[in-house]
Amino acid sequence: GPPLRLKFMSSLQGPVPGRLQSQTQCGSAGRSRSPRRPSVVTPRQAAVMPAEPSAYSDLLGPLLAAAQPGGGGGARRPVGELEAKGEVRFGEVSPDFPIAPVDEPSNRTLLENVRAPGRENPTPKSCYDLVVLGAGVGGLISCIVGKQLGLSIAMVERHYTGGDCLNTGCVPSKALLAAAKRVALVKTSSELGIILPEGPVRVDFAGVMGRVRAVRADISKHDSIKRYTEDVGVDVFTGEAAFAGPRAVSLDAGGGKKVELAFRKCVVATGAAARVIPPLKGVEHLTNGNFWNLEELPARLTVIGAGPIGLELAQAMQRLGSQVTVIDTLPRIMGKEDEAAAALVRESMERDGVVFVMSTRSLQVKRGDGGLYRAPFGLYECTVELPDGGRQVLVSEALMSSTGRVPNTKTLEVKRAGVSLADDGGIATDSMLRTANPDIFAAGDCLPGPERFTHMAEWQARVAVRNAFLDEDLDARRLLVPRATYTDPEVAAVGRTAADLRETGVEFQTFTRLVADVDRNKCDGEAQGFASLHVGRGGEILGACVCGHNAGDQISEVTLCMQHGLTVAQLAGTMHPYPTAAEVVRQAAQASVRAGIFRPSAQGVLHDLGQPSQHVNWRVAPGGFASLELDRPKALHAVNVSMAQEIGLRLLRERSVGAILMRGGSGGEAFKHFSSGGDVKSVHAALKGDPDCALPRLQLFHEYRAIEAVYRRAAEVPIVALMDGVCMGCGLGLASGARYRVATERSRLAMPECAIGIPPDAAFSFVAADLPESLGRVMAMTGKQLTGAQAFGAGLATHFVPSSSLLELEKALLATDVSGDAAAADAAVQSVLAQFDTSKQLSEEEKVALAEEERRLYAAAACTSAAALQRCLAETVESGDSPERERALATEGLKGMKKGSPFAQEVSLQLLAAARRDQGGGRPA
């Protein structure tokens, strides 16, 4: 039989790959490509833009997230405009601090890798394919991708290769947090029955910092100058870089040495530096840039700024023995993250002993004489104005500022290259990370915006280089960026927050699972935290927050789902090993599924499907002839979900019968109707009571399975359908699958669901696409009804029998012995049908009229389908739109169908595909 499952189209889209070798040569005055000037697009708008796969995705790997309703797939970070509108405000930044103490063995190893003292810069080539400014993560990855493309590359770094992540950020901070975590575990070991000697836990701070530096030195070989020169083949230059023109960089290598590097393309990845707020201007203090030079533990530490960097180091130092005070102008910590998660972090830090002074109005700082990295420390006096107008003086041996970061772009002389800066000093780009100079791109922390992550810089570098040399047109707004703060408990998130979704009016529900309710966490003694999933109407995950031990690892599972468009139900249905802490995420997803299961509408459907249908009668006569009766007379034998399930099960499981009779009405009664189709009234009622109810989808599934079962069994044994009275929609689909179809003078065959307009019923007309020739299409497109004679003439009925003879025909069929082989059974059935068939008794005039009716029907079918096809294709070609637009246009060719409905679109595509076959040949009108 014909295939009856819905087929969803997918097509590989994207730009035609560009030439790897740009036609613009070094020194050329012309532009290789006109800069694009898109309108300003907010992250929320960008999040609902379609993500088109690149032609290079299979070769180089996909980067972008699937589009999500409500903006679940987009990065939160905005993309700068090509031209800044206001005055560029460069913030005061801290200097590049040297690594210290320089005589420590680990630091000597680090410096040999990331600075290579005494090394001479290489002799520059006449022109490089790619020049990269900055050797942080963005710059290093730009070189790696460029190497994959076979490019000649130069990389310039003024300080240390590896950037903030290796030298002053991710690597040393996580090594420090590991030590602090061990201290906390030792202090709480008695909770697990481990009793240690009495007295405080002794911390060797010098030993802690020694390990931190050793870990950093060990990892540095991956980012070393030696690796990138010898293994990657990059010319690495040390010095201060500035643009000398649209395609050249001038390099100050010190000692009066000047070097100029010409390029075809350039990626700016100069990163960012710690911001210096006005009260700290001229006051020596710690930032993440020089914090790692500490040699002794300060007794007291004041941290300005309650963001991720400040909180991580504050908690670590408190656990290692400092008395830490955190001050901020905001009322709560971690203002961008889930409020409940931020509250848990604060509670945990306060248990450790951290003091918070929030909502401060002003700050004054004085520092006495003394050391910055070791005792005797210079004392700080921080005077803060409190919300009530009072003042508080905080005295400490160390002060660290973590009040944000400023892009390192001030010395680049970008105007010489035709590059613009955003208001905050970041490099202004379009969504492809291309600047106003189409040969210069940017990636990483030098871009505008408050959010700066190592992993985001890496992905942006991949986007920038691939766009520069392959013209992939990868949209950086489509990058899905997870984020994590590594306090205890950790806080990790991806996508949009609940507050953001509420603010923009997106309909969603939040499903939460507490860490304390997960068995593995109970075993481990972990009680703090939760996992929350923000779920849209269609089950799509719009955002998530995980708070707890190793939350930064657990968020990746949600990121994977959002990246590839997996629903919350698919996450819930993914088996996890037991017991694991990661089950907190799956169980949060399961809460969404459970909520659907226990809705009253779902419970009603599940109860119906769990019981045998009372409206399907199955009897087997002694000779092996089975009777399947649709016994729901008050509803014109409309097939509800339990009936459809029962029909499919009976037909496929009852394998011992030799033939099957399908009819409407209970045995012994006069025939009135076969089936008026699917149970539209129940679907309507369910949708009114619960728009998200599962009944429509289950109704469709079981109807199609029932129809498919008829087609399958009809290929094995003779099936006879008595199409008396109304035979519409699903009923017509069931009857059409029978090997022998009997019509009467009372038969009325149609596809009425097209006129109803609700999406589930529109899909029932999918059956029409598989009816003989064009006839099903004209029925679906126009709602045309056929009489029994018309159905016989058009081939939908194989026999014509007067309604008055149907009871006798039924008795004769059920009395037939079909227990022999299939061929004998089929011959016996044909013999009985021939005795009652009156179609051969038609007069010549009736035959001519029937032939004329058949010709007219097919002519109307071909004209209707061809007209819809021509209109659709004409509008598509004229507007140059995508296949998605063709779907929407095609839907307009179906009378009464709800425009834009996915079901209606699939029906229309099937009909149009058949119409194309009509135009290419087949039965003429």
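Arg713 lies in helix α20, where helices are DSSP runs of H or I with at least four residues and strands are runs of E with at least two, both numbered from the N terminus. The model is a predicted one, in which local features need pLDDT of at least 70, side-chain atom pairs count only at pLDDT 80 or more, and totals for chains, interfaces and linings use all residues. Residues are numbered from 1 along each chain as its sequence is written, and side-chain values use heavy atoms, with hydrogens and water left out.

Is Arg713 buried or exposed? With a relative accessible area of 2%, Arg713 is buried; the term means under 20% relative accessible area, whereas exposed means over 50% and partly exposed lies in between (1.4 Å probe, protein chains only). Its side chain makes a polar contact of 2.5 Å with the side chain of Glu716. A polar contact is a pair of N or O atoms within 3.5 Å; within protein, one must be able to donate a hydrogen and the other to accept it, and residues adjacent in sequence count only if both atoms are side-chain atoms. Apart from neighbours within four places in sequence, Arg713 is in contact with Leu651, Glu654, Arg655, Val657, Ile660 and Ile719, contact meaning heavy atoms within 4.5 Å.

Helix α20 (residues 695–714) also meets helix α21 (residues 729–736): their axes come within 8 Å and cross at roughly 20 degrees. Axes are lines fitted to C-alpha atoms, for helices over the stretch in contact, and angles run from 0 to 180 degrees between N-to-C directions.

Helix α4 (residues 137–148) and helix α11 (residues 454–470) pack at about 40 degrees, with their axes 8 Å apart. Among the residues making the contact are Ile141 and Val145 of α4 and Ala457 and Arg462 of α11.

Attention now turns to a strand. Lys265 belongs to strand β6 (residues 257–268) and counts as buried, at 6% relative accessibility. A polar contact of 2.7 Å joins its side chain to that of Asp439.

For the protein as a whole, there are 29 helices and 30 strands. Of its 925 residues, 55% are buried.
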